[in-house]
Amino acid sequence: MRVLRKDLYDATLRHNLQLSTRLIAFLIYEKYVKQRESPYFTYISILPTLMDTPHYYTPTELAHLKGTSIPSRAADDVKLWRRTYQHLHGTLFKSPPFASTQVTYEMYQWAQSMYNTRSIWVGGKPCFVPFLDMINCKEGPDPSRVHSTKDEGGFANTYAPWDFPAGSQVFENYGQKNEIYFQHHGFALSGNSHDCYDAAALPLPQQILRSLGGNHCLSPLQPFPHPLVAALRAESPSDPYEVLVKALNKRLEGFPTTPKQDRDLLEDTTLSFRMRMIVTFRLTQKQLLMGLVQKADLYTQRVKS
């Protein structure tokens, strides 16, 4: 970035912008200031202009996500985007090399969405890697093998995670939970082995939440984190998992549909992409919670026996 656009690089440094914001500014500059003169014009011209992340959902679409964290997370994201744009509008976008272009919030929103959905981490830093960002997510024969791009001699090298026949579509496993996929990319995977439920999102007593410390994501496929088990035992020594089961069931009661209703909806071939992803994500969240209830019940049986 410094070699290709020194004026922009220097401007972002003057305003003490973090790397993610510098990349967003770079994309705005290339698309809206340089336009056809940009060396990245071909790449930028094929980037999507219509987005399917929840930040662009209608109120009716967001209502279908009741019971999940997505409506509040998307709203928080948009508030942050607007604050960031207002700051840049009064600083960076009023100085060269942006001074001759009226940078609107819609321009910033598009670039922010491109950063969220298409940036790739290389050597611990976010980057734009043209065409590599077009590879969709899918679990392969070995679910533990996830995406990895390395900086090797100035090249962003990504190796195929499994064998693909000539002419077939290439996939890679992003290796994240569905909540992240849905919030930042607008999709969810059925049978995602990396899926888990944030313990802090459960309606647990405050003393349990305070004692957790850090981020604990609960998976039916993994043992309950030791800090959670210790906090549950301190709260209810005779039946430590009762509190957890109540919190999990409380979350399950918050959904507007049952798992069967969701599965029936997914049989509808006329369902739009957005609705199909909404229902898929909603169903996978319920499956996580139900799996955790079953697991907690099993632990309870062991304790009582």
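**Legends to close-up views of a predicted model**

View 1. Of the 305 residues in the protein, 45% count as buried (under 20% relative accessible area, with exposed over 50% and partly exposed in between; 1.4 Å probe, protein chains only). The model is predicted: local features need pLDDT of at least 70, side-chain atom pairs count only at pLDDT 80 or more, and totals for chains, interfaces and linings use all residues. Residues are numbered from 1 along each chain as its sequence is written, and side-chain values use heavy atoms, with hydrogens and water left out. The protein has 12 helices and 8 strands (DSSP runs numbered from the N terminus; helices are H or I of at least four residues, strands E of at least two). Among contacts (heavy atoms within 4.5 Å) between residues at least 6 apart in sequence, 63% join residues at least 24 apart.

View 2. I46, F131 and M134 make a nonpolar surface patch of about 280 Å². Areas come from the Shrake-Rupley method with a 1.4 Å probe, and for residues only the protein chains shown count as cover. I46 lies in the loop between α3 (41–45) and α4 (59–63) and is partly exposed, at 41% relative accessible area.

**View 3. Surroundings of P48.** P48 is in the loop between α3 and α4. Its relative accessibility is 28%, so P48 counts as partly exposed. Leaving aside residues up to four places away in sequence, P48 touches W110, M114 and R118.

Methods
Patch = residues over 30% accessible without salt bridge, like charges linked within 9 Å, V, L, I, M, F, W, Y side chains within 5 Å. Salt bridge = Lys/Arg side-chain N within 4 Å of Asp/Glu carboxyl O.
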